[in-house]
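Please have the sequence and the model side by side before reading on. The paragraphs below are meant to be followed with both in view.

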Amino acid sequence: MKRIILAAVLSALLCGLAHAEKSLELWTFIDPAGDNPRSKALAQIINTFEQQNPGVKIKSTIFAWNQINLAFMKAGLAGKVPDLTMLNSGRIQRVVAANFLRPLDTYLDQSGVRSDYILMPNAIGADKKVYGVPYEVRALGFLYRSDLLKKAGIPKPNNLHELVQSAKKMQEMEGANFIGVGIGFDPKQDSAEKMYIPAVAALGGKLLNADGTAHFVTPEAIKVMNFLHDMVHKDKVMPLDVAMTGPDQVRTLVEAGRVGYYFQGSHWLLTLRTKVPKGDTMDFMPVPLLDGDGVQPVFVEGWNLGIPAKAAEPDLAWKLVQLWTSPDMQIMQAKVAGYLPMRKSVADKVDPNDPSTAHIKPLLAVIGANAMNFKWPLNTDAMQETLGTAITSVLADKQKPEEALREAEKNYDSVRE
């Protein structure tokens, strides 16, 4: 009898231990143990989920932001995948086409709030099914020193030419070490696709033919190339060594208080406000038009949460997605990390008088009225690299715009399949 009781106790303990050791593997480019705002927001989500689901632990595997999509493609081929992964909206279409993700339509329909979600077009497959849900969205534009505009007594620029002139004024006031405009066009990073392509598209320029081949040599593209070249060589508001780096390298100069206009996503606003020297003020503006006054169609991106087709715990993974995208967590992320909510209903719940969230509702209104409509190819990474190489070649005076773009066309078409 004692043996039977002992066996039962051991069995119960083992069952309890097995339950306690249940884990959910998350692939992320954000370290939840970090001390920056985005890390703190992710840590709060993970802690809340674990508290609500006793016996479940989230195991975070961290990748570089520009490597996680490629790492997941390799994992999908090998069949060794996590339960949930972050995927950049500009690269997820290749993962979708490879059938490495589980469609989320059943989960979305059962949630009863599908229509409230802002879904990214690249996460929707050719079968019209949804393969990724963003946990945040952001607009690309300029984080700028609004204190220096005030000091100079000049308004926010209405177009890119006015932006250059105000950058010159900032440099005159702040001295030789100050940089008017900071855009890093390193081909291995992403400013070509996020700054150059939208600028060309805003002018009506075509970038791809109907068959997917490159159509880079256009009057609109050459105009944008010449504008960028002038910023470096004629207007001298963007040093060549800055333009040849990437946005992460430029950010170190921003944090030192040395940049007037920094091209980056709106999600960096709150972080940079904590990093810049005391007395400096940072605000965000969408990219102005090159010709005329106004705002060019806004490039919007976000990080999607995708459940692998071969995930071991798909239902548990969706449970985490539900928490992550809940109104409470969306508001928390907006306040802590500066993300734009991916729930339409949340915009009205964000405090417009709180300095940390005052920019959100107006920016969502701009996105709703003027978001960029561009069909990104499966090989956006190849497009980014070939165009980035062309831009840096022009800026370094190695090639003229038409020559560089013609070469980019050949290079892109040779690797696009």
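What follows is a walk through pockets, aromatic rings and charges over rings.

This is a predicted model, in which local features need pLDDT of at least 70 and side-chain atom pairs count only at pLDDT 80 or more, while totals for chains, interfaces and linings use all residues. Residues are numbered from 1 along each chain as its sequence is written, and side-chain values use heavy atoms, with hydrogens and water left out.

The largest pocket has a volume of about 1000 Å³ and is lined by 42 residues, with Met120, Pro121, Asn122, Phe374 and Trp376 nearest its centre. Two or more residues of this lining come from each of helix 4 (92-97), strand 8 (300-306) and helix 15 (360-370). Here a pocket is an open set of points on a 1 Å grid over the protein atoms alone, where a 1.4 Å probe fits, with protein on both sides within 12 Å along at least five of seven lines, and lining residues have an atom within 4 Å of a point; a volume is the space filled by probe spheres set on the points, which are joined across faces, edges and corners. Helices (H or I, at least four residues) and strands (E, at least two) are DSSP runs numbered from the N terminus. By class, the lining of the largest pocket holds 25 nonpolar, 10 polar and 7 charged residues, where Ala, Val, Leu, Ile, Met, Phe, Trp, Tyr, Cys and Pro count as nonpolar, Asp, Glu, Lys and Arg as charged, and the others, Gly among them, as polar.

The second largest pocket holds about 590 Å³ of space, and of its 24 lining residues Asn66, Asn69, Leu70, Arg91 and Asp381 are the closest to its centre. Helix 3 (68-78) provides the largest share of that lining, 6 residues, and the lining as a whole has 9 nonpolar, 6 polar and 9 charged residues.

Turning to the rings, there are 12 aromatic pairs, a pair being rings of Phe, Tyr or Trp (its six-membered ring) with centres within 6.5 Å, called stacked with planes under 30 degrees apart, edge-to-face over 60 and tilted otherwise. Tryptophan 27 and phenylalanine 63 make a tilted pair, 4.6 Å centre to centre with 50° between the planes. Ring pairs also link Phe142, Tyr144, Tyr261 and Phe263 into a cluster.

Finally, arginine 38 places its charged end over the ring of tryptophan 268, 4.9 Å from the centre, and arginine 251 lies over the face of tryptophan 268 at 3.9 Å from the ring centre; the rule requires NZ of Lys or CZ of Arg within 6 Å of the ring centre and within 35 degrees of the ring normal.
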